[in-house]
Amino acid sequence: MARPLRLEFAGALYHVTSRGNRRESIYETDDDRRLFLDVLDDVCETFNWVCHAYCLMENHYHPLIETPEGNLCHGMRQLNGVYTQRFNRQHDRVGHLLQGRYKAILVEKEAYLLELARYIVLNPVRAEMVRSAVEWPWSSYRATVGYEPDSNALFTDSILLAFDNQRGRATECYERFVAEGKHQPSPWNRLRNQIYLGSEQFVDEMQKRIENADRSLEVPLAQRRPLAKPLDYYVKTTSSRNEAIVKAYASGGYSMKALGEFFGLHYSRVSRIISEAKGKT
């Protein structure tokens, strides 16, 4: 997994994920879930974050966060640290609750805000935990459609205004939009360098920000690499499927899971192909 994104600037939009240690549950009760949302509220207020959508699953969470002040790392340290402390105190525990570093994807807001907001609230539906997004009480969906009041952490206007200026009509359009998304392909198939979701122009702009950054800042290796080519490029410029997989993976732009989905292979088969190639070098 790539190290957490360190490219921060005013107005950046991130999809953030953090998982339980050893993939274990990070909530034992509904009170824990309410506690997490309270901490998220406080972090949004303290760091001036804008949360467009969120979903709490059993062993991880998904918020879609905009940072008007370019302070994702500081806010995430507060979110994960304070929640872990309060959870441990509540359940008389010690030690890590969350698994290492969080993962953050830098998102082009104009192109992907709506799609990611929909993807996030449909997580429990895809996991077959509920039949529709409205049945899951631990996402932003119910507040967005007006079934519950907005929390301090949640800002729904950006999503609803994309559909209509009148809230009632916007809500109806949003509900249809989410319902139509159940069988849409995952947006993560379009990730670039495992950390960008956006157009080529957007990615180029982000790369320029990195090139101009102070080198004392911590910038992940995946961001320093040249941009990976589209997967079709590796197919066309290699003599076999396995060679294409190996070269695409070596580019740093694609995970084994993404390669498996593209080539129609199980993750374990992709892993063996890459391991075998390393053994020959």
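Which residue lies over the face of Y119, and at what distance from the ring centre? It is R126, at 3.8 Å. Keep in mind that this is a predicted model.

There is another contact of this kind. The charged end of R209 sits over the ring of F9. The distance to the centre of that ring is 3.8 Å.

Now, rings with rings. How many aromatic pairs does the model have? The count is twelve. Take Y27 and F36. Their rings are 6.0 Å apart, centre to centre. The planes stand at 85 degrees, and the pair is edge-to-face. Both Y27 and F36 are buried. They also belong to a cluster. Ring pairs link Y27 and F36 with Y61, Y83 and F87.

What about burial? F262 has 39% relative accessibility, so F262 counts as partly exposed. F263 has 18%, so F263 counts as buried. The cut-off for buried is under 20%.

On to the cysteines. Look at C51. The closest cysteine sulfur to its own is in C44, 5.3 Å away. That is too far for a bond, since the limit is 2.5 Å. C55 is in no disulfide either. For C55, the nearest cysteine sulfur is that of C51, 11 Å away. Are these two cysteines buried or exposed? C51 is at 0% relative accessibility, so it counts as buried. C55 is also at 0%, and it too counts as buried.

That brings us to strand β2, residues 50-56. How many of its seven residues are buried? Seven of the seven, so β2 is largely enclosed by the rest of the structure. Its partner is strand β3, residues 60-67. The two strands pair in the antiparallel sense, over six bridges. Together they form a hairpin, with three residues between them. And which residue of β3 does C51 stand opposite? I65.

R126 lies over Y119, and R209 over F9. Y27 and F36 are a buried edge-to-face pair within a ring cluster. And β2 is largely enclosed, with seven of its seven residues buried.

Methods. Residues are numbered from 1 along each chain as its sequence is written. This is a predicted model: local features need pLDDT of at least 70, side-chain atom pairs count only at pLDDT 80 or more; totals for chains, interfaces and linings use all residues. Side-chain values use heavy atoms; hydrogens and water are left out. Rings of Phe, Tyr and Trp (its six-membered ring) pair if their centres lie within 6.5 Å; planes under 30 degrees apart count as stacked, over 60 as edge-to-face and the rest as tilted. Buried means under 20% relative accessible area, exposed over 50%, partly exposed in between (1.4 Å probe, protein chains only). A charge sits over a ring if NZ of Lys or CZ of Arg is within 6 Å of the ring centre and within 35 degrees of the ring normal. Helices (H or I, at least four residues) and strands (E, at least two) are DSSP runs, numbered from the N terminus. Two strands pair if DSSP finds at least two bridges between them.
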